[in-house]
Amino acid sequence: MLVRHKVADFDEWKSVYDDHRIAREAAGLKDLYLWRNEDNPSEVILLFEVSDVAKAKAFSSSPDAKERMQAAGVQGVPEVVLLHSN
């Protein structure tokens with residue numbers, strides 16, 4: 001799963017993100033990569049390994065995830081893309 005969004009303050013966002021690790025793991029998400037856009041450091045791109053697609057979808061649209069993103073200073077609507085390898 002790929003997630004892309006902008007944040008108001010990266011350090012604040014990262015603290016909230018790190019505190020939410022257990023919830024991500026319970027949803028079958030394993031953190032793989034966290035990148036920041038070189039030209040726009042407020043843009044964050046995350047890549048997760050997904051063990052359960054249904055849980056990942058439910059998590060990404062859950063009120064808890066939305067509240068955490070808002071508390072972390074996520075701006076706008078995150079782009080969430082489920083990917084699979086061929």
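Predicted model: local features only at pLDDT ≥ 70, side-chain atom pairs only at ≥ 80, totals over all residues.
Student: How is the packing of two helices described?

Tutor: Two packed helices are described by the angle between their axes and by the distance between those axes. In this model, helix 1 (residues 10-19) and helix 4 (residues 63-72) pack at an angle of about 150°, and their axes are 8 Å apart.

Student: Are helix 1 and helix 4 roughly parallel or roughly antiparallel to each other?

Tutor: Angles over 145 degrees count as roughly antiparallel. Helix 1 and helix 4 are therefore roughly antiparallel.

Student: Which residues of helix 1 and helix 4 meet?

Tutor: Helix 1 brings Glu12, Trp13, Val16 and Asp19, which meet Arg68, Ala71 and Ala72 of helix 4. By class, this contact has 4 nonpolar and 3 charged residues, with no polar ones.

Student: What lies in the loop between helix 1 and helix 2?

Tutor: His20 lies there, helix 2 being residues 21-26. His20 is buried, with a relative accessible area of 7%. Leaving aside neighbours within four places in sequence, His20 is in contact with Phe59, Asp64, Ala65 and Arg68. Arg68 also belongs to the helix 4 side of the contact with helix 1.

Student: Where do nonpolar side chains tend to be in soluble globular proteins?

Tutor: They tend to be buried together. Here, the largest nonpolar core has 17 residues. Met1, Val7, Trp13, Leu29, Val44, Leu46 and Phe48 touch the most other members.

Student: Which elements each supply at least two residues of this core?

Tutor: They are strand 1 (2-7), helix 1, strand 3 (43-50), helix 3 (53-60) and helix 4. Helix 1 gives the most, with 4 residues.

Student: What does Val44 touch?

Tutor: Not counting residues up to four places away in sequence, Val44 touches Val3, Arg4, His5, Val7, Phe10, Trp13, Leu34 and Trp35.

Student: How is a pair of aromatic rings described?

Tutor: Such a pair is described by the distance of the ring centres and the angle of the planes. This structure holds 3 aromatic pairs. In one of them, Phe10 and Trp13 are 5.5 Å apart centre to centre, with 35° between the planes, and the pair is tilted.

Student: How are Phe10 and Trp13 placed along helix 1?

Tutor: They are 3 residues apart in helix 1, so about one helical turn separates them. Phe10 counts as buried because its relative accessibility is 15%, and the cut-off for buried is under 20%. Trp13 is buried too, with a relative accessible area of 3%. Phe10 and Trp13 form one aromatic cluster with Tyr17.

Student: Is the pair of Tyr33 and Trp35 stacked or tilted?

Tutor: The ring centres of Tyr33 and Trp35 are 5.1 Å apart and the planes are at 5°, so the pair is stacked. Tyr33 is partly exposed, with a relative accessible area of 49%. Trp35 counts as partly exposed at 39% relative accessibility.

Student: Where is Tyr33 found, and which residues is it in contact with?

Tutor: Tyr33 is found in strand 2 (residues 29-36). Leaving aside neighbours within four places in sequence, Tyr33 is in contact with Ile45, Leu46 and Leu47. From C-alpha to C-alpha, Tyr33 and Val7 are 17 Å apart in space, and they are 26 residues apart in sequence.

Conventions
Residues numbered from 1 in each chain as written. Heavy atoms only, no water. Axes fitted to C-alpha atoms, helices over the stretch in contact; angles between N-to-C directions. Parallel < 35°, antiparallel > 145°, perpendicular 65-115°, else oblique. Contact = heavy atoms within 4.5 Å. Nonpolar A, V, L, I, M, F, W, Y, C, P; charged D, E, K, R; others polar. Core = buried A, V, L, I, M, F, W, Y, C linked by side-chain atoms within 4.5 Å. Buried < 20%, exposed > 50% of the residue type's maximum accessible area, 1.4 Å probe, protein only. Phe/Tyr/Trp six-rings, centres within 6.5 Å; stacked < 30°, edge-to-face > 60°.
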